[in-house]
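Please look at the structure below together with its sequence.

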Amino acid sequence: MTQAVLDSGVMTLDDLLERPEGERLMSCIQCGICAATCPYGDVMEHTPRTLIAKLRAGLLDEVLTGDDLLNCVTCYACWAKCPRGIALTDVLLPLVKEQVLLNLPEVPAELQAAFEATLRYGNPMGESPRKRAAWVEEAGVEVPLMKDVGRPVDVLWIVECYASYYPRGRENAVATARLLDALGVDFAILGPEERCLGECVRLAGETGLFDTMREQNMATFDKYEFGKVITSDPHAFDAMAHLYPAAGFRTPVEHVTPFISRHIEDLLPRLTRELNATITYHDTCVLGRRGGLFDEPRSILTALPGVELVEMTHNGVNTICCGGGGGGMWLDAFYKARGHDRLSDRRVEEAAATGADILAVSCPFEVPRFEDSVKVLGYDDRIEVRDITELVARAME
Amino acid sequence: MPGNIWVVAEHWQGSPTDAAFEALALGRELADGLGVALEAVVLGSDTGGLAAALGAADRIVAVDHPALSDPIGDVAARTIAALAAERRPEVVLVPITNLGWDLIGLLPARIGCPMVNFVQDASVVDGRIEAASLVYGGKMSTRVAVPAGPAVLAVLPGTRPAEAGRITGPPPVDRVAMDVDPGLIEFCGYREPEAGDVDITRQDVLVAIGRGIGGQGNVELAEELAELLGGAVCGSRPVIDQGWLPMSRQVGKSGHQVKPKLYLALGVSGAPEHVEGMRDAELIIAVNSDPDAPIFRVAHYGVGADLLDVVPELIDRLEAAGKR
Amino acid sequence: MKILVLLKMVPDVVEELEVAPDGRALDTEFLRLIVNERDDHALEQALLLREDAGGEVVVAGLDAPEVDDVLFSALAKGADRAIKLTGFPEGSGAPAVAGMVAGTLPSIDGLLPVDLILTGCQALDDLDGMIGPLLAAALDLPYLGLVAAATVEDGGMLVSKEYSGGVLGDFRVELPAVLGIQAAAKPPRYVPIAKVRQAMSTGTIEGVAASPAGPAPSIEVIEMTKPESAGHAEMITGSPSEAAARIAAVLTDRGLL
């Protein structure tokens with residue numbers, strides 16, 4: 001449904017109610033499940049339910065001139081739970097958040113820095129674009145750059161920002177490179193030509209910045225030939241699957257986790273090292289709740305030798321957001337100043353309650369967020385946070 | 001024959017500053033290298049008491065005038081320019097401090113001469129002065145041929161030890177009587193910053209604590225050190241989350257971005273979120289019991305030891321050096 | 001009150017800087033420029049002053065790659081007029097640039113008189129001088145740098161500068177004047193890209209060729225080198241007491257004690 005929506009032209013809050021997806025908003029029965037399922041529903045003045053009520057009553061301006069919507073981490077919980085099938089996170093929330101950002105008198109400093117760095121350097125950390133492929137030196141296997149390959153490749157691997165630059169993210173990139181190499185995949189990366197795909201800045205309300213990033217990335221994609229795209233970042237996957245097609249992107253795209261899951265049989269002979277670990281898996285909002293990929297990560301983990309898989313209370317579609325989506329990655333100080341819990345703390349407490357040794361994830365945002373919470377909550381002597389690719393690579397040694 | 005070497009001997013609360021002594025030490029070397037005199041230029045309204053401390057200079061050129069009692073660079077620049085027009089010094093060394101900042105910018109314009117900024121070192125090579133400067137935020141070093149005089153050299157702190165320029169005098173004083181135009185800027189006075197928490201983004205020295213500090217009880221130790229160094233205490237996120245320091249003291253991605261002259265990281269592991277906020281500090285010294293802690297990848301100096309062992313020693317040493 | 005903000009582009013040190021083959025300047029091949037951080041604060045301070053006192057903010061940028069983006073962004077933030085000063089000879093030093101700017105301002109339609117000229121109090125490429133004070137001297141206007149607070153009062157400005165230990169010095173300056181801004185009262189604001197794009201489609205940048213000026217003082221760089229960067233701390237070994245001694249020595253060397 002998203003596809004059709006986004007291909008049908010630029011939609012604004014003003015004409016929303018005249019469109020099919022606006023009509024669907026009219027069908028809201030104000031049951032409040034969205035507010036109840038929202039991880040910050042207890043602290044938000046304007047929950048999704050009230051957003052719809054105010055939109056219908058013509059009172060939305062109250063929402064658009066405040067900063068309350070910065071509390072929305074676009075976790076897709078309201079989207080998944082609405083009994084009327086109103087796709088809040090696809091339609092209403094981005095439109096509202098865009099207006100909120102345009103009206104915001106002061107953008108929180110951390111978010112502002114992330115926006116500015118994304119525009120200038122193509123990554124929110126403000127790292128040098130030329131160093132985007134610096135991690136390749138640690139890979140131990142060949143990781144070709146598209147610009148050097150000079151021929152079509154089967155797979156273009158979009159590494160994305162956190163896996164490219166963030167020190168622990170780079171372990172994810174290295175592990176993925178080793179798995180692709182072990183599978184004999186014909187792949188290449190864009191390296192310094194790759195820029196942030198922009199999903200998070202869009203869901204933080206910076207639509208103009210997203211448009212800019214998409215234009216730049218589309219121009220780069222157009223230079224090369226590749227059969228499909230895989231990416232390490234669920235947010236990049238989300239962008240390419242749902243938002244880039246509107247700009248003409250037609251290549252199939254898959255996240256690394258389902259890709260590995262489809263090829264796990266081929267890897268089995270090499271997965272010889274016992275991990276001897278109890279692992280609990282955190283379903284990411286975008287891959288799990290939004291993308292419906294619940295079984296694939298678990299099938300990988302159970303294929304690893306010496307692994308016992310245990311589940312947290314909230315799993316599958318009921319997963320608890322790490323708090324990093326929709327700009328939340330750069331709003332920690334904003335939330336803390338308002339006395340909100342860190343969502344990653346809630347999640348890590350649940351993981352600790354399972355008694356698991358390893359909290360497995362499949363999104364590069366989750367590693368820094370959960371590692372931070374593990375440290376702050378004092379679990380660092382008993383819980384390790386690992387991306388699934390890192391665990392597969394570990395079992396391969 | 002080259003002109004003399006001038007050092008603008010800035011003073012604060014009745015004494016020349018350390019930066020003035022450092023510049024005098026450098027000026028002494030240049031004067032000796034060229035075989036010319038070193039002259040300390042002193043401006044104020046009552047500079048008589050300063051001469052005794054300025055023994056490093058061969059002569060003092062003093063201008064006393066009510067209009068020079070206040071730290072107005074505009075007036076100082078016009079005064080020194082008038083002197084320079086008459087006496088043709090080879091170079092004028094001005095210490096880079098907040099006190100001398102406006103003078104540095106204005107003096108070359110008022111004299112109509114070139115200047116070299118960010119001077120880290122200077123020496124006489126084949127009868128000419130060469131300056132070494134740090135540019136682009138310290139990312140590049142340059143060697144610059146200083147043109148024949150006059151020229152202004154803005155000297156970074158720490159080029160020479162202040163002690164090397166702190167020689168008791170008094171040298172002969174040349175008191176210059178001249179008209180000084182008070183200009184269009186009026187000094188209204190100094191004031192202590194308003195009470196409230198320290199703004200860590202404006203501190204030259206920060207003592208940062210991480211989880212390695214162990215507990216709130218040890219925060220005092222960091223505070224004592226910060227006080228000796230004339231700075232403030234800040235922290236990484238776990239320290240703030242534990243409530244050991246207020247949120248206004250947090251450095252990093254979700255806290256403040258800081259660029260102090262000294263960042264002393266105690267028990268800070270160096271998580272990327274933290275490093276993002278402090279990697280541009282001019283000098284980073286880290287103490288951490290884990291010799292593989294990532295903080296050592298951004299620090300300039302590292303000590304792989306428990307901060308609780310090192311910091312008390314450092315405090316003793318600073319106290320012994322008369323910092324209190 | 002009419003405020004002119006002068007902006008210049010400086011090397012972005014997020015990118016690794018390299019030395020040109022002649023060994024005396026930056027290699028421009030990989031060089032990327034960014035607006036001088038303090039100039040951005042000067043713009044913010046100008047916008048804040050206009051919010052308080054009304055008037056007009058004109059930004060003038062020295063021609064350089066990507067300066068158009070900076071000027072459009074200034075328009076999107078609310079600047080009333082954007083000017084790009086062009087035609088500075090390659091390798092012009094700060095005194096030459098300031099001289100040309102001073103000579104050009106009177107020829108710009110409807111620009112002078114201005115009450116205030118704001119610029120950053122420093123830039124990381126200020127090797128041979130600082131634009132603000134050079135310009136002030138050339139225009140024979142009073143100058144205050146390192147400005148951390150500025151408010152309008154009775155036809156003048158009240159300005160605060162910071163001294164060591166956080167002590168503030170307060171000054172009053174008659175207008176017109178040039179101020180070198182250290183920090184605006186608030187961090188430079190964010191302007192959403194949609195607004196910048198709008199400024200690009202509806203706003204204009206006026207190009208003005210800078211008038212030639214007489215000879216200006218200059219310096220000769222003999223050599224430019226990259227300081228060795230270890231990529232890792234120099235580890236201090238020995239007992240805690242020895243380590244403390246070494247730290248104290250380093251602090252002394254750097255003039256920090």
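## Where chains A and B touch

The contact takes twelve residues from chain A and eleven residues from chain B, where two residues are in contact if their C-beta atoms, placed from the backbone, lie within 7 Å. On the side of chain A that touches chain B, the elements that give two or more residues are helix H20 (332–337) and helix H22 (366–376) of chain A; helices here are DSSP runs (H or I, at least four residues), numbered from the N terminus.

This is a predicted model, in which local features need pLDDT of at least 70 and side-chain atom pairs count only at pLDDT 80 or more, while totals for chains, interfaces and linings use all residues. Residues are numbered from 1 along each chain as its sequence is written, and chains are lettered from A and ligands numbered from 1 in the order in which they are written.

## The nonpolar cores

A nonpolar core is a set of buried Ala, Val, Leu, Ile, Met, Phe, Trp, Tyr and Cys residues joined through C-beta atoms within 7 Å, and a residue is buried if 20 or more other C-beta atoms lie within 10 Å of its own. The largest such core has 277 residues, and among those that touch the most other members are B:Val7, B:Leu93 and C:Val59. Helix H1 (residues 18–34) of chain B gives this core its largest share, ten residues.

A second, separate core of 57 residues includes B:Ile200 and B:Leu225.

## Two helices of chain B

Helix H5 (residues 219–229) and helix H9 (residues 307–320), both of chain B, pack with their axes 10 Å apart at an angle of about 30°, the axes being lines fitted to C-alpha atoms over the stretch in contact, with angles from 0 to 180 degrees between N-to-C directions. H5(B) is therefore roughly parallel to H9(B), a term for angles under 35 degrees. Among the residues that make the contact are B:Leu225 of H5(B) and B:Leu314 of H9(B).

Terms used
Angles under 35 degrees count as roughly parallel, over 145 as roughly antiparallel, 65 to 115 as roughly perpendicular and the rest as oblique. A residue is buried if 20 or more other C-beta atoms lie within 10 Å of its own, exposed if 12 or fewer, and partly exposed in between; C-beta atoms are placed from the backbone.
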